[in-house]
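Please keep the sequence and the model side by side while reading, and follow each paragraph from one to the other.

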Amino acid sequence: MYGVQYSREKIVTEDHDFLDLDWSFAQGTKAAETLVILSHGLEGSSSGQYILGMVKLLNGNGYDCLAWNFRGCGGEMNQTARFYHSGATEDLDAIVKHALAKGYSRIHMMGFSLGGNLTLKYLGESESKLDKSIESAVVFSVPMDLLACSRAMILPKNIIYMQRFLQTLKPKITKKSKLFPEAFNRNHNRYVRTLYDFDDVYTAPLHGFDNADHYYEACSSRNFVSGISIPTLIVNALNDPIVPFESLPVEAIRHHAKVWLEAVGEGGHCGFRPAVLHDGVYWSEYRALTFLKNGMNDDL
């Protein structure tokens, strides 16, 4: 699909779980010195349209790509009770360290929706400890205030998004409860009608948070922007139905020397489809490429 040929690698995490990594090399095999690490959104994967399109364009411009799958999103259930979540930067750190061990001297990071929040949190909390090989980051449709976005998801106009996510999340709980009955009570699924419910009943307690509100506060990337030390572009659409633009830390970003917020009129949530270029490249793909090459000078 999209002309992208992945080579899958499975790595073992420190807690004896695994992560599925999908590599796509610019020259068919590793030859480039530069790598882009791509993090997908909630219940997404490396096979998502927005990932594949980006990988194809980046490969065509000399970048190797690593599209990693969050726990339980690579086509097989992970082996521990925990899942992934919006602040699970320990897994992203493992991915970065693995990429550095492969010999890449230049790394860029990219994230979409939940993966964007994860990327920003990782960059912000790393601060001076961030490896010098990581040069820049581009993120799209980022829910930087998780509570505000959870509340937006409950609105009637967003019911289709809510249903789509819960239709895959709740069956995962059913499977997990059979593997780890001591950690899950699948009967609680009947109380889960919203993403807030899911995070309150499952995500928070499973990953060491008191409740959904505690999880949202601890993991919202708006709280980590000040610590970002590399050039970072945040692209959000004004008409994003599940990320209210007013929830973004506009003032904090405006006064940040390394972080830029680009507000796009159209694009929805990880869509940006109205701006398709004549060669079939989406505007978001083109924008990411120009930033990786030239920073805020958007000319290729």
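Axes here are lines fitted to C-alpha atoms, for helices over the stretch in contact, and the angles run from 0 to 180 degrees between N-to-C directions. Helices (H or I, at least four residues) and strands (E, at least two) are DSSP runs, numbered from the N terminus. The model is a predicted one, in which local features need pLDDT of at least 70 and side-chain atom pairs count only at pLDDT 80 or more, while totals for chains, interfaces and linings use all residues. Residues are numbered from 1 along each chain as its sequence is written, and side-chain values use heavy atoms, with hydrogens and water left out.

Two packed helices are described by the angle between their axes and the distance between the axes. Helix α6, residues 195-206, and helix α7, residues 212-219, have axes that come within 8 Å and cross at roughly 90 degrees. Where the two helices are in contact (heavy atoms within 4.5 Å), α6 contributes Leu-195, Tyr-196, Asp-199, Asp-200, Thr-203 and Ala-204, and α7 contributes Ala-212, Asp-213, Tyr-215 and Tyr-216. Sorted by class, the contact of α6 with α7 holds six nonpolar, one polar and three charged residues; in this scheme Ala, Val, Leu, Ile, Met, Phe, Trp, Tyr, Cys and Pro count as nonpolar, Asp, Glu, Lys and Arg as charged, and the others, Gly among them, as polar.

The next topic is the annotated residues. Which residues does the UniProt annotation "active site" cover? According to that unreviewed entry, they are Ser-113, Asp-240 and His-269, with the caution that UniProt positions are given in the numbering used here, feature names are shortened, and annotations may be inferred rather than shown by experiment. Although these residues are spread over 157 residues of sequence, they cluster in space, the largest C-alpha distance being 10.9 Å. Of these residues, Ser-113 and His-269 are included in the lining of the largest pocket. On a 1 Å grid over the protein atoms alone, a pocket is an open set of points with protein on both sides within 12 Å along at least five of seven lines, whereas a cavity is a set of points where a 1.4 Å probe fits but cannot get out; lining residues have an atom within 4 Å of a point.

Ser-113 sits in the loop between β5 (106-112) and α3 (114-126), and its phi is positive, about 55 degrees, although it is not a glycine. At 11% relative accessibility Ser-113 counts as buried, where buried means under 20% relative accessible area, exposed over 50%, and partly exposed in between (1.4 Å probe, protein chains only). Not counting residues up to four places away in sequence, Ser-113 touches Gly-41, Phe-140, Ser-141, Val-142, Pro-143, His-269 and Cys-270. His-269 belongs to the loop between β8 (259-264) and α9 (283-294) and, at 17% relative accessibility, is likewise buried. With neighbours within four places in sequence left aside, the contacts of His-269 include Ser-113, Asp-240 and Ser-141.

Helix α3 also holds Lys-121, which is buried with a relative accessible area of 7%. Beyond four places in sequence, Lys-121 touches Gly-87, Thr-89, Ala-218, Cys-219, Ser-221 and Phe-224. In the loop between α3 and β6 (134-140) lies Leu-130, buried at 6% relative accessible area; leaving aside neighbours within four places, Leu-130 is in contact with Tyr-122, Leu-123, Ser-229 and Ile-230.

Two further residues complete the walk. His-16, in the loop between β1 (7-12) and β2 (18-24), is exposed, with a relative accessible area of 66%, and has a positive phi near 65 degrees in a residue other than glycine. Trp-260, in strand β8, counts as partly exposed at 28% relative accessibility.
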